[in-house]
Amino acid sequence: MQAGPGAGGRTAEVDLRVGKGRLTLVPDRTMLTGEDTTYPVVIDPIQRTTSRTAWTGVTSGFPTDQDWKYSGSAGAGRCPTDYNPVSCNGVGVRRLLFTMPMSFYKGKQILGATFSARLNHVYWADARAEPVDLYRIGGKNYTVTSSSNWSNTSDDWDDYLLTVDKQINPTSCGSQANLHFEGGELKTEVQTAATEGWSSMSLGIRAKDETTFGGWKRICGNSYLKISYNTPPKQISTSWMSSNPGGRCVWGSTVRPYTDVAPQLRTEARDPDHNSTTTDPVKVQFKVDWTHKDGTAQSYTYDTGYKSPNTGTTFTHTVKSTVIANVKQNSVIYWSARAYDGDAWGAWSYTGDPAQRCEIVFDSTRPGAPRVSSAEYPDDLIYHDGVGTAGSFTFSPNTDDGISDTDLVEYRYSFDDAPMQPVAPATAGGPATVPFTPLRPGKHWVTVEAYDRAGNSSVPALHEFLVTEGKPVLGQWNLADAAGAENAHDESGDYPAASGTGVTFGVQGPGGAADTAARLDGTANAYLDTGATVLDTNDSFSVSAWVRPTALDRSMTVISQNGSGEPGFVLGYDQVSGSWAFGQPVSDVAALGSWQAKAGVSVVKDQWVLITGVYDAHAADGPELRLYVNDVLKGTAKRRSSWTAHGALQIGRSVAKSGYRDHFTGDLAEVRVFDRVLPASQVAELMTVKPQRKGYWPLDSATVGSSANVQSGGEALTLNGNAAIYSPADELFDPPALVGSGHLQLDGDGDWAATSTPPTTGGSSFTITARAQLTTLDPVKSQTVFSLPGVAADRVAVRYQAATGQWELEVNKTDAAGAEQVLVTDDQELPVSGGPGQHLAVVYDAFANELRLYVEGQLASIAQAEDTTLWAADGGLQVGRSAQGGGSEYFAGALDEVRVYAGVLDAGKVRITADLTPLPGM
């Protein structure tokens, strides 16, 4: 099934026909057959319905009274006293006020806006037309409250918007809306709110004539705004733009590239409405400015077709042949680009101060761009494996430029805008091949120029290619097998490792009590043997393991692979240097020493540490060994001999001519091997121990004062005070739950939810997440979203901090009153009181000694800090307050989707938990 259209997709009205027991939708044929129409076309409304968050009725006869959040309907106009029985004596004029949340629409283009309500009663029996007006009440962020009345709102009817003046037959409050204020000044005001980033806007309904009874109406409280919107595409960045020939987008007389043919212009595009759940295709418009042979300035634009603006998706245009036929020799061709999503254009790429366009000089006398080819990484707009895997790139002469190639003696090349490097062909006019290992995913490129004996350069060639995150782990032995197991399971399923009798499974692992590892006793039976060759030790590879040595009186092997008389490599402890080491012997047949990278730091007994060895067979300065301790590169060494070990991979021992040696004493976990280079960023990712969920409370319902924990065997959250689960009675028109079918509603006055015991103590790595929506913007009191208490201090607390108006993470270094604190704040995502609230996540990485506070799945640069705290909380999880002082900082608003993990959720998983869709399996 196709997902719905992305916000901002082009729309057309669909005709509706009813008859013969059928309802028929008739799409706009013009749109279906239009040249710019992008399939799939979805017949589905794309407007967003925004329900009122506050509403009230006020009356002139009782100027200090109000009908706060009235149920059913309330009156607007002069209350008629000629009814029998009379109920309007002294009431006077009534008006209705509604507050609408607007944060979601910040920065968006508003395509249409309609305020709708249900007209429940009118004065005249024949429902004749009597005009009713819609006003904007107050200004930016004006909010109706329980204190709003005639006296303090009568002067706030600032801006008349629209009038409805037609016969409307009354309906019930549960029926479809029948009163609609559409477009006009309402759309203008909504656009203003979106442009200026309002969090709320208030609207009011009043009779056009408040002096007579004829305008009297009763209007239901469940009103709503229906807004169609679009977010314009982002300005195309010059960093996304390139040409072939030519290379990356540059400008200026000293750096302009040359071309002798019509260059292909390339760019990527971005649209904020295009994401993992919605598709919003865009097209790109290229603009080319050039000078004719007769000296006149020329210009044209070209529109591409629509594509999804994903990273790596390229929009192209080859400059028209008529331009190349008529362009002035040695003149500059300028080009720019912008994106269009069907509703709005993004800014031109040259927009800025100063304005800059991409530049390329036309010179028909220059040798043509050299050819570039790569079997591993072709220029084909397809992602190829991958990070850490080397590719070969071959440069050869351009045979189509009509210029002899025998004088070509050198190529100069640059990967990803690094300084140019020379490489000579074996014979003049021949090809040359160079290796390159990508160390990040996404787009890469190589720019190549050819040079003759006189030093004259060719037109530069550009070869772009797309790279995946890298090939997955080749073998992974978590060593979390059950006690008594005879084999260690390999997650790839290919290389189970037989364990010696000196191996014990089931001991505590690096992640604490929830994690397990294997213990090796250091005897000749302390090993795990895969019985198979896993790695090509003469090509690039990486090996890694969590290790906890319990003795340091001799050298010990963590991972190795058998050769004939020497191991192909050894990752382990070198007793002579007292350091971790990663090495490869000089030879397989004789003990001639080894090429060895050493960490140069003392090894600590009985402490978990991650060690990783990386062999880069294609490093720029020759084959290189690298050794990481945790995520820090600690040592490197060159390998100046080569041979391949064809024996079995070993864990906990290494081979020698005399037999196996250097058996490991201590604990091992998460042994991994890769047949590629791991860059530093991916070594750092190995630091994360797999998290285990300890609690998930979706807060959709409550039974006997508690809300269930989805986690098997997990403790429910007990609701205290007036805490309650809110579920909309009218799913279409009542305010929706933050996520799912319900959320926890708290009033800030002694309400909270809690477990009796801590789902995680905070004594090791942990993650806690929740979605929070404040009742009001910028509250005057600090409010805690969740906390994990000790006896005298909170182990961790996340709150709205009134002093700064920001979300704040607090960790106390000891369980003592007045303890030293580590505070982390987020200055990028400020708290809001509307929409679905904001997702908050606190992550404590005990291995990296780091605190991280995520808001809406994003980690601001200041929202992290170092912390070595490891004390354990003994109090239950508090949701909506701090337990300190018998209870403090009570939260006022809505909370939802509370999760607790033992271990670290990485940034990608934090973003997944921030999704507005319930994820019970996460």
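Visitor: Why are C79 and C88 both called buried?

Guide: Buried is the word for a residue with under 20% relative accessible area, and both C79 and C88 get that label. Keep in mind that this is a predicted model.

Visitor: What makes C79 and C88 a disulfide?

Guide: The sulfur atoms of C79 and C88 are 1.8 Å apart. The cut-off is a pair of cysteine sulfur atoms within 2.5 Å, so C79 and C88 qualify. The torsion about their S-S bond is -50°, and the link is left-handed.

Visitor: How many disulfides does a search of the whole structure find?

Guide: It finds 3. Counting bonded cysteines along the chain, the pattern goes 1-2, 3-4, 5-6.

Visitor: What makes C173 and C220 a disulfide?

Guide: Their sulfur atoms lie 2.0 Å apart, and the limit is within 2.5 Å, so the pair of C173 and C220 counts too. This pair links distant parts of the chain: C173 sits in the loop between β10 and β11, C220 in strand β13, 47 residues apart.

Visitor: Why is the disulfide of C173 and C220 called left-handed?

Guide: Look at the torsion about the S-S bond: it is about -85°, so the disulfide is left-handed.

Visitor: Is C220 buried or exposed?

Guide: C220 has 0% relative accessibility, so C220 counts as buried.

Visitor: What parts does the pair of C249 and C358 tie together?

Guide: C249 and C358 form a disulfide with sulfur atoms 2.0 Å apart. C249 lies in the loop between β16 and β17, while C358 is in strand β23, so the pair ties together parts 109 residues apart in sequence. The S-S torsion here is -100°, again left-handed.

Visitor: How do you know that C249 and C358 are buried?

Guide: The limit is under 20%. C249 has a relative accessible area of 12%, so C249 is buried. C358 is at 2%, so C358 counts as buried as well.

Visitor: What makes β17 an edge strand?

Guide: β17 belongs to an open sheet of 5 strands, in the order β17-β23-β22-β19-β20, with mixed pairing. β17 and β20 each pair on one side only, which puts them at the edges.

Visitor: How do you know that β17 and β23 pair?

Guide: Pairing takes at least two bridges, and 2 bridges join β17 to β23, so the two strands count as a pair. They run parallel, with T259 opposite F362 in β23.

Visitor: Why is T291 called partly exposed?

Guide: T291, in strand β19, has a relative accessible area of 23%, so T291 falls in the class between 20% and 50%.

Visitor: What makes V327 a contact of T291?

Guide: A contact needs heavy atoms within 4.5 Å. Leaving aside neighbours within four places in sequence, T291 touches T296, N326, V327, K328 and S331.

Definitions and conventions
Residues numbered from 1 in each chain as written. Predicted model: local features only at pLDDT ≥ 70, side-chain atom pairs only at ≥ 80, totals over all residues. Heavy atoms only, no water. Helix = DSSP H or I, 4+ residues; strand = E, 2+ residues; numbered from the N terminus. Buried < 20%, exposed > 50% of the residue type's maximum accessible area, 1.4 Å probe, protein only.
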